[in-house]
Amino acid sequence: MKYFPLLWAALWRKKARTIFTLLSILVAFLLFGMLQGVNSAFNQAVEKANVNRLITTSSIALTENLPYADMAQIEALPGVANVAHASWFGPYYQDPKNFIFTFPVEPDRYFLVYPELILPKDQLEAFEHTRTGAVIGADLARKYGWKIGDRVPLHSTIWTKPDGTSDWNFDVVGIYQVPSDRAQESAFFFNYKYFDEGRSFGKGTVGWYIIQVKDPTQSAQVAATVDKLFANSTDETKTETEKEFQQAFLKQIGDINMIVTYILFAVFFALLFATGSTMMQSVRERVPELAVLKTLGFSDTAMLTLVLCESTLLCLLAAALGLLIAWALFPGLKDVIGVVKLPAPVIVEGIVVALLLAFVTGIVPAWRAKRLDIVEALRG
Amino acid sequence: MFKQTTAITAMNLRSIPQRVGTSWVIVIGIAVTVAVLVSVLAMVDGFSKTLANTGRADRAIVLRGGSVAELSSTISRDNTITIMDAPGVKKDADGKPIASAEMVAVVALPQRRTGTAANVTVRGIGAKALELRPEIHIVAGRMFQPAVRELIVGHSAVTQFKGVDIGSHITFRNTDWTVVGEFESGGDAHESELMGDIETVLSAFRRNLFQSVTVMLDSPAAFAQFKDKLTTDPTLTVDVKREPDYYAEQSKQLNKLLNFLAFGVGGIMAIGAIFGALNTMYSAVSARSLEIATLRAIGFGAGAVVVSVFVEALLLSLVGGLIGAAAAWLFFNGNTVNTLGANFTQVVFHLTVTPHLLISGIIWACFIGVLGGLFPAIRAARLPVATALRAA
């Protein structure tokens with residue numbers, strides 16, 4: 001620590017160069033924070049997937065519905081604890097821009113298989129007993145200012161009523177929270193009964209089933225049993241763990257991970273040159289000074305450490321600032337990716353990358369400082 | 001003045017090899033920025049070209065009112081007949097409307113690259129569909145037979161998904177379908193689809209509702225008449241759109257995202273590259289301060305010094321820009337990418353690194369070079385001659 005003033009002075013020996021290098025590194029880490037943040041936000045859904053749950057969809061595609069009657073058959077299978085279902089309602093509120101993730105469900109079943117959705121007991125009861133009742137996420141409630149007791153009209157882009165209209169009215173009877181993952185607080189649930197009685201086509205079907213298994217180690221087996229049960233029927237199924245389901249869904253959008261990796265690889269490749277060249281120059285210019293330090297009794301190892309510390313200080317300072325800006329800007333992307341905070345692992349990753357960068361760019365000049373021949377250097 | 005400028009500039013450039021380490025910083029920083037920018041823009045271009053090609057001004061698509069995309073729309077058989085008989089629809093030689101009432105369904109097929117399932121559109125098309133879309137032509141195999149479970153597949157779909165080559169079988173809803181032909185349609189959105197006879201597809205999916213009606217109009221101007229007729233008909237609740245408008249709407253979201261990526265990420269990288277360039281040029285100026293001072297002392301003008309620094313910065317950026325553009329072209333030109341489109345199904349598009357994009361990449365490079373060279377050039381010109389000489 002006592003050498004800190006020395007390091008600091010060395011760093012600011014050429015102000016302009018240090019500032020520009022600092023800014024280059026800062027920009028790279030800003031990008032790192034934002035891109036990795038988006039990437040990990042997408043992957044969060046996969047990582048947070050529950051191992052107890054399986055998702056059963058039509059084997060043709062997610063958009064094909066399954067008969068409601070399948071539920072009783074699935075429930076009777078060994079290893080199955082609970083079964084729930086949901087469907088895609090696809091509505092918007094007032095304007096197509098206000099798309100709302102809405103699912104008709106059977107309340108008792110759904111909240112049983114998703115214990116992480118926290119809903120007060122009396123609200124769940126009200127939900128079960130109100131035909132037009134709806135339970136909404138806390139975030140959604142904040143966004144539109146909806147409260148319990150409000151009447152909310154939604155326009156479905158898919159489901160028409162027998163009279164040809166697609167406007168459905170709901171009464172908000174509950175607001176749920178997900179303390180473990182606030183990004184999940186934007187859904188809108190309503191009674192399947194109201195949905196099935198009201199729609200003009202597709203009656204008696206559901207979008208997908210959610211199966212809670214008794215023993216997570218048996219999930220592959222249970223999945224196979226479910227699919228076998230419906231094999232060769234007109235509604236063949238595909239059952240996957242929640243994790244596989246989420247992964248497959250992300251892959252549909254495209255390989256985000258790959259694009260982010262490509263871009264960041266390119267950015268850090270360029271950064272390596274920028275920082276490396278700064279460190280090289282700075283050591284080259286200070287050869288006589290370093291020789292004086294050595295004359296004063298600094299050991300070879302001390303010289304090596306000194307230069308490495310200098311590059312570490314530079315990289316860490318810039319990376320911290322860059323990540324800080326990314327952290328500040330990240331909530332601005334909320335509408336795009338639905339995640340409010342820059343995931344903490346990204347910051348840790350960033351610091352590790354910064355240390356790596358510092359070592360790689362610092363080691364060559366540090367080695368040079370270590371091997372410095374005092375007589376040669378002082379004469380030069 | 002001109003002579004002085006060329007003399008100093010030439011001297012500068014000849015000395016670049018001595019400063020090769022720092023010069024690389026400019027070149028690589030800019031090359032990387034330009035490569036990323038050009039490849040993302042190539043994605044934007046490829047995507048909008050795919051969707052822009054799909055529409056024709058003299059074709060209109062009719063969906064149920066309030067449905068955003070075909071997948072969520074439903075139209076009854078009676079209504080499809082009313083729509084096709086509306087005024088403004090072009091008739092063929094035997095007096096029948098050139099129109100196709102269609103349904104779309106989604107089937108999950110494995111992607112060639114990753115093996116994971118992707119949603120692919122199966123479109124049931126009417127008897128007049130090929131007259132309606134003359135851009136579709138069979139390039140291998142043959143057209144499907146009506147009333148038989150046969151499909152034709154788009155060329156883009158073949159490149160991206162497994163199990164759709166001619167002769168392969170696709171099973172859904174307990175029905176077995178054979179792929180009998182491959183078609184091309186100028187790289188538009190339909191090329192990512194499978195197509196079959198509408199009645200056969202409807203019965204396989206046990207449906208009796210159509211999802212869209214596409215019609216050929218007498219002329220682009222006949223659209224207003226056609227639309228007025230349908231929207232005032234009390235038996236219909238439909239949205240009528242010109243095809244290009246419909247497809248532009250479908251691509252809006254993704255276009256926005258890609259542009260954000262290109263200019264957001266590209267812009268931030270450009271700022272980083274400017275810092276790199278500033279660094280390089282400042283150190284170039286300070287390394288040559290003695291030389292510059294000497295030149296000034298023997299009578300060379302400040303203007304000539306400024307220009308020489310500028311030219312060096314520009315030249316290095318140009319090299320960087322060229323390397324970046326070439327890399328983008330080499331690695332990404334002609335690549336095929338697929339993503340989830342608005343219909344919840346995959347749209348396949350081709351990355352095309354056009355000359356236009358290459359040029360705009362190089363312009364960006366020069367822009368970065370100019371900004372990076374400006375301040376160091378001014379500093380070089382302002383260098384106090386006496387101090388600089390004494391310092392040496």
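Predicted model: local features only at pLDDT ≥ 70, side-chain atom pairs only at ≥ 80, totals over all residues.
Helix H10 of chain B crosses helix H11 of chain B in a right-handed sense. A crossing is called right-handed if the near helix is turned clockwise from the far one by less than a right angle, and left-handed if anticlockwise.

Residues are numbered from 1 along each chain as its sequence is written, while chains are lettered from A and ligands numbered from 1 in the order in which they are written.

**Helix pairs**

Two packed helices are described by the angle between their axes and the distance between the axes. H10(B) covers residues 302–332 and H11(B) covers residues 355–382; their axes come within 7 Å and cross at roughly 155 degrees. The two helices are therefore roughly antiparallel to each other. Axes are lines fitted to C-alpha atoms, for helices over the stretch in contact, and angles run from 0 to 180 degrees between N-to-C directions. Angles under 35 degrees count as roughly parallel, over 145 as roughly antiparallel, 65 to 115 as roughly perpendicular and the rest as oblique.

In chain A, helix H12 (residues 300–329) and helix H14 (residues 344–371) have axes that come within 7 Å and cross at roughly 150 degrees. That makes H12(A) roughly antiparallel to H14(A). Their crossing is right-handed, and their contact has 19 nonpolar, five polar and two charged residues.

How do H1(B) and H10(B) lie to each other? Helix H1 of chain B (residues 2–14) packs on H10(B) at an angle of about 45 degrees, with the axes 8 Å apart, and the two helices are therefore oblique to each other. This crossing is right-handed too. Residues of H1(B) including B:Ile8 and B:Leu13 meet residues of H10(B), among them B:Val307 and B:Leu315. Two residues are in contact if their C-beta atoms, placed from the backbone, lie within 7 Å. By class, the contact of H1(B) with H10(B) has seven nonpolar, five polar and one charged residues.

| Helix pair | Axis distance | Crossing angle |
|---|---|---|
| H10(B) and H11(B) | within 7 Å | roughly 155 degrees |
| H12(A) and H14(A) | within 7 Å | roughly 150 degrees |
| H1(B) and H10(B) | 8 Å | about 45 degrees |

**The two chains**

Chain A has 15 helices and 12 strands. Its radius of gyration is 30 Å, well over the 21 Å that the globule rule gives for 380 residues, so chain A is more spread out than a compact globule. The radius of gyration is taken over C-alpha atoms, and the globule rule is 2.2 Å times the number of residues to the power 0.38. Along the principal axes, the C-alpha trace of chain A spans about 95 × 45 × 35 Å. Buried residues make up 42% of its 380 residues.

Chain B has 12 helices and 12 strands. Helices (H or I, at least four residues) and strands (E, at least two) are DSSP runs, numbered from the N terminus. The radius of gyration of chain B is 30 Å, whereas a compact globule of 392 residues would have one near 21 Å. Of the 392 residues of chain B, 53% count as buried.

**Where the chains touch**

The contact takes 42 residues from chain B and 39 residues from chain A. Which helix gives the largest share of the side of chain B that touches chain A? H8(B) does, with 11 residues. The residues on that side of chain B divide into 24 nonpolar, 17 polar and one charged.

**Two loop residues**

A:Asn232 lies in the loop between helix H8 (219–230) and strand E12 (237–241) of chain A. Its phi is near 65 degrees, a positive value in a residue other than glycine. With 7 C-beta neighbours inside 10 Å, A:Asn232 counts as exposed.

B:Arg206 is found in the loop between helix H6 (198–204) and strand E9 (212–216) of chain B, and its phi is near 50 degrees. B:Arg206 counts as exposed, with 9 C-beta neighbours inside 10 Å. A residue is buried if 20 or more other C-beta atoms lie within 10 Å of its own, exposed if 12 or fewer, and partly exposed in between, with C-beta atoms placed from the backbone.

Conventions:
Nonpolar A, V, L, I, M, F, W, Y, C, P; charged D, E, K, R; others polar.
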